[in-house]
Amino acid sequence: MTQRDEDTTAVSFTGAVRAFGSVRAVDGVDLRIGRGETVALLGRNGAGKSTTIGMLLGLYPPDAGGVELFGSEPERAVRAGRVGAMLQDARPVPRVTVGELVGFVASRYPAPMPVSRALELAGISALAGRRVDRLSGGQVQRVRFAVALAGDPSLLVLDEPTAALDVEARHVFWESMRGYARRGHTVLFSTHYLEEADSFADRIVVMDRGRIVADGTGEELRRAAGGSLVCVDLAGRTTDGLALLPGVRSLEVAGDRVRLRTDDSDATVIALAELGAIRRLEVAPASLDDAFLALTSSATSGRPPRGAGNCANNHDAPAPESAPLTPSSTAKSTAKAL
């Protein structure tokens, strides 16, 4: 990596491999996240997300390839307090107030954020005197966010940050997150809400079987999966020749209905009309959910993506559940404070 790359890169994976026995959890990952970027990490259960983040946090050294944070090994960045983590497996500490907890974590960092600011960003200033173990699930989630912010880290890693939050709280969280990112901080988050990835990430990275299968904006992922969906009833006819129609990239059949993924819906519809095959015709843009499933479903299960047989635009459908992340050395002491 050149000096200029070191100055502009927060996270770098170069051919990174990590195996557990005969299973390659991470299989040759190449990934660069620039300083100040907000990146969403998506993938099915077992896709390699947890191991990838574990390597990023210094938990798992790569068996091959390399991982760097800010131009050096992850352990150094973690020890220097440049990384904050908000993880799902942290538990509330009994008999400790919110202010005491965030203040304790902040004291472990060399240049912490003022406690009042961390509480404000997390939207829990009014909870400073409350015991953490007596808060609701959504409130505890916001305390985890404040703990992750306490050290004013350059890189923030968030695992399902809006889990247990209601709609209003989610909105407040992302407004705070935007403000934090605008200060030049780097954010990597995993989420089950695809619309969050689409709305708040500069890039979306999709993993499958230990490899990165897509990396781009939500719009780029939708185009990569096929820009539109054209659905018709087969009305007893076969699918012979449909995959060869203009613009068609793939087709899926459910019962007597076929869904064509196409780059040119107009040309596809015209060709279907010429065949007299436009019974119950529907045309819809591909959603991010469609793109995610198209990128991962066929490789992992051999089954057509969920929703085959209709052209519903399911922007709010969550991605399949991901495995919980495991905290790293210094990040672990922060994460376990909850």
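Predicted model: local features only at pLDDT ≥ 70, side-chain atom pairs only at ≥ 80, totals over all residues.
1. Look at β1 (residues 9-20) and β4. They run antiparallel, and five bridges join them. Take Phe13 as an example: its bridge partner in β4 is Val67.

2. A parallel pair. Strands β5 and β6 (residues 155-159) pair in the parallel sense, over four bridges. Ala85 stands opposite Val157 in β6.

3. Side chains of β5. Which way do the residues of strand β5 (residues 83-86) point? Val83 and Ala85 point one way, while Gly84 and Met86 point the other way. All are buried. In a regular strand, side chains alternate between the two faces of the sheet.

4. Aromatic rings. The model has five aromatic pairs. One of them is Phe173 with Trp174, an edge-to-face pair. Their centres are 5.0 Å apart, with 80° between the planes. Are these two residues buried or exposed? Phe173 has 5% relative accessibility, so it counts as buried. Trp174 has 2% relative accessibility, so Trp174 also counts as buried.

5. A stacked pair. Why do Trp174 and Phe200 count as stacked? Their ring centres are 4.5 Å apart and their planes are at 5°; planes under 30 degrees apart count as stacked. Trp174 lies in helix α7 (residues 167-182) and Phe200 in helix α8 (residues 194-200). The pair therefore ties together parts that are 26 residues apart in sequence. Phe145, Phe173, Trp174, Phe189 and Phe200 form one aromatic cluster.

6. Charges over rings. The charged end of Arg82 sits over the ring of Phe70, 4.0 Å from its centre. Arg170 lies over the face of Tyr193, at 4.0 Å from the ring centre.

7. Confidence. The mean pLDDT of the chain is 85, and 86% of its residues reach 70 or more. Where is confidence lowest, and where is it highest? Helix α12 (residues 329-335) is lowest, with a mean of 43. Strand β4 (residues 64-69) is highest, at 98.

8. Over residues 299-310 the pLDDT is below 50. This stretch has 29 contacts in the model beyond near neighbours in sequence. Residues 312-337 also stay under 50. For them, the model has 75 contacts beyond four places in sequence.

Technical notes:
Residues numbered from 1 in each chain as written. Heavy atoms only, no water. pLDDT = per-residue confidence, 0-100. Helix = DSSP H or I, 4+ residues; strand = E, 2+ residues; numbered from the N terminus. Contact = heavy atoms within 4.5 Å. Pairing = 2+ DSSP bridges. Buried < 20%, exposed > 50% of the residue type's maximum accessible area, 1.4 Å probe, protein only. Phe/Tyr/Trp six-rings, centres within 6.5 Å; stacked < 30°, edge-to-face > 60°. Lys NZ or Arg CZ within 6 Å of the ring centre and 35° of its normal.
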